[in-house]
Amino acid sequence: MTRLAVLGAGGFVGSRLLELSLARPEINAIPMLRQPRGLGKLARFGLAWRPIDTNSIHALAESLRGFDAVVNLTQGDNQRLLPDVQNLYEACRKAEVGRFIHLGSAVVFGEVKQRDLPDDRLASECRWSAYACAKASADAWLAGRLDTSGPATCIFRPGLVWGPRSIWVTLPVGQIIEGNAFLFHGGSGICNLCHVDRLANAILSAATRPTAVTGFYHLGDPEVRTWRQYYSDLAQEIGSDISAIHQLPDFEYTWKHRVLGLKDLEWVRQLKRRIRNQTKDQMKRILRTTIARMSPPSSGASFPASPRPDRLLWSLQSIQHPLPLQRFQAHFPEVTEPNYETAMGRLGNWLRYSGFTVEPGEFR
Amino acid sequence: MLGTVIVGCGAIVADLHTQPLRRLQHLSAVDVRVLVDRDPARALTLRRWFPDARVATSLTAGLEPGDIQLAFIATPPGLHRSLALEALQAGCHVFCEKPLATRAAEAQELARAAGAAGRVLAVAHPRRFFPNTATVRSRIMAGDLGGPLQFVLREGSPYEWPIATDAAFRRETAGGGVLLDKGVHCLDTLDSLFGAGHVLACWDDSLRGGVETNSKVELAYSSARGLVHLSWDQALNNGLWIRGPLGEIRMDSHQIDRYHWRSPGTPWQQNDCHESWPSDLTSTGGVRRTPHNYYDCGDLEWINLVRSIHSLESPAVDGVVAARVLQQIEDAYRIAQPLDQPWLAPSEQAFWRERHWHATQGAPQDPLPR
């Protein structure tokens, strides 16, 4: 029996990891959560859980003592990402946890401009995304610990994690339904997808296999898809087609994006956290009223939807090469599921279940 | 001026109720005199907004000097019944966060107790003040959609409420999961649109020892039939669709002052709503106000409560209506079947179906760690 501590179990990947592990009697997975609200996604299981404080190495070590492996899927504040990883790693060392599995991200490579990107390549420049920068810093710190006497450390760097409940499904599908989905460059960029079940199975394999694996691993679906193919498949599943998606030549960085980009600045995020929800709502209302005053009357009107391109999607849709997966496939030959076609078919079932269809869907 | 006690000083009070209470205090309509919480630190935090209030760790202690006429109960749902009953028996009017209780019989008991004591018992349902719901109700009543009607109401998003404990996820303290939490709002909205209804079928994903994170309920009303679909763990294509032979209505959950309409074969059209409610405590209701967000609705709900206590109108949701909706939820729980999850592999679907909380006959040994 492998005792597995899952930090960040209340998230998209964590909840699916828990779900899969519970069906495997050789694994005893325990959700470790910073906030009780993280249990919302796990409430149906009625699991025992443990609160954790990632600010304290000592408290963390006490919580993690007795576990065979620790999985770090925590997200949250970009500024806390590196210190949390450092504290967790040190706590694992102190508690003599054998394996530390960390979820990195292929986002650190930006547009993937190199065909044979080595799995252990560290991102050398801080990109425009604060999240990518934070992830890259954590990667670099962990890279310096791989050959030390600490826990065997395995870092997965998946592409876009898709599947039921993924933001990389609900975002484009919502846009296709609303009529404001868009593709740059005819959708010819490579969409480096990684199905959530593939990622979860890789983590469970790293936690339970007889011999520990260490190092960095790119992780993704072996089937290479362009953005056009991916969007086309999604559109088909919801009763639409590729013609419903706007084609954009390139990204124009306007003053609107500069203004919208402010919200990602750390000091703006901190300020936002301090403002009461009610005040935020009132500010939105004033803004909406002001815009409405400058616009023609809305009642009785029907609006043609227009795309609202953003820099993140432009960057992702500009990816030039698939992530090389040879190292992962060589070390984890047992992780083969799911096949893209099957996964897309099942995703279609989930989309219809969730009401994400061009027409409202089932009424009964 | 109504001497008021707030029982339970958690996130819902700080976020939604503090400002309306302060405004009513400024109008000399209420006076928050006691803050009750098992954790005095939470009550002391809330005292920032009500500096003259005293702090107590139990309602009994809070009611002691006898200067309280209104009890606002905002504790976990499992405590609502006993606290509301204690307040009513002490002669207080009661305003209770939803759900009024975790069982229909408890809600009925409270409604009877309020009637016997001649006190107002109201339940917090700010959605009763959504302008689009009120407008759509008028259109349904006017027969604009024809009949019979079909509907689907979806409400799903990852659980984000900043709760302090895990009480919301245990059946013994919360009474249920997403159906009781979000569903009570949705079923109340349908009650306001279509009148009393009954449950035809229910599917959920709760396992033994847990509460449901996903739920689907099929309901029938005298003029409509449809589906409520809820989730705590995923986004759904949220909103309310109502379809009749003469037209179709769509209400997005985040736009409370507009709705979309289309006649058969025509594109969707957006319609603004201007329904309004009394905004002060005069007998005429003063200048009526159209709410534009959830907080505006919270304001109007408190005004409705105080006006009800002064016999100027009726509470938007009283104990009888709340008990009716809770009866539907209880009926749904009683007949709940395993939710189909067709996005999972067939073997995985079967695994979870066998461990559904109602699956007792021949169910396998529970492998889940407790």
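Modeller: Start with helix H6(A). Its buried residues are Val196(A), Asp197(A), Arg198(A), Leu199(A), Ala200(A), Ala202(A), Ile203(A), Leu204(A), Ser205(A), Ala206(A) and Ala207(A). Before you ask more, note that this is a predicted model: local features need pLDDT of at least 70, side-chain atom pairs count only at pLDDT 80 or more, and totals for chains, interfaces and linings use all residues. Residues are numbered from 1 along each chain as its sequence is written, chains are lettered from A and ligands numbered from 1 in the order in which they are written, and side-chain values use heavy atoms, with hydrogens and water left out.

Biologist: What makes H6(A) mostly covered?

Modeller: Buried means under 20% relative accessible area, exposed means over 50%, and partly exposed lies in between (1.4 Å probe, protein chains only). In H6(A), 11 of the 13 residues are buried.

Biologist: How does the reach of helix H6 of chain A compare with the expected span?

Modeller: Helices are DSSP runs of H or I with at least four residues, strands are runs of E with at least two, and both are numbered from the N terminus. The expected span is 1.5 Å times one less than the number of residues. H6(A), residues 196–208, reaches 18 Å from first C-alpha to last, close to the 18 Å expected.

Biologist: Why is Leu265(A) called partly exposed?

Modeller: Its relative accessibility is 36%, so Leu265(A) counts as partly exposed. Leu265(A) sits in the loop between helix H8 (255–261) and helix H9 (266–274) of chain A. Ala130(A) is 135 residues away from Leu265(A) in sequence, yet their C-alpha atoms are 8.1 Å apart.

Biologist: How many residues does each chain bring to the contact between chain A and chain B?

Modeller: Contact means heavy atoms within 4.5 Å. Chain A gives 51 residues and chain B gives 72. Together the chains bury about 5,300 Å², 50% of it on carbon and sulfur atoms. Buried area is the accessible area (1.4 Å probe) that two parts lose on being put together, summed over both.

Biologist: What makes Arg44(A) and Asp205(B) a salt bridge?

Modeller: A salt bridge needs a side-chain nitrogen of Lys or Arg within 4 Å of a carboxyl oxygen of Asp or Glu. The closest N and O atoms of Arg44(A) and Asp205(B) are 3.7 Å apart, so the pair qualifies. Chain A and chain B have 3 salt bridges between them.

Biologist: Which elements of chain A supply at least two residues to the side that touches chain B?

Modeller: They are helix H1 (12–22), strand E2 (27–33), helix H5 (167–178), helix H10 (277–294) and helix H13 (340–353). H10(A) gives the most, with 6 residues.
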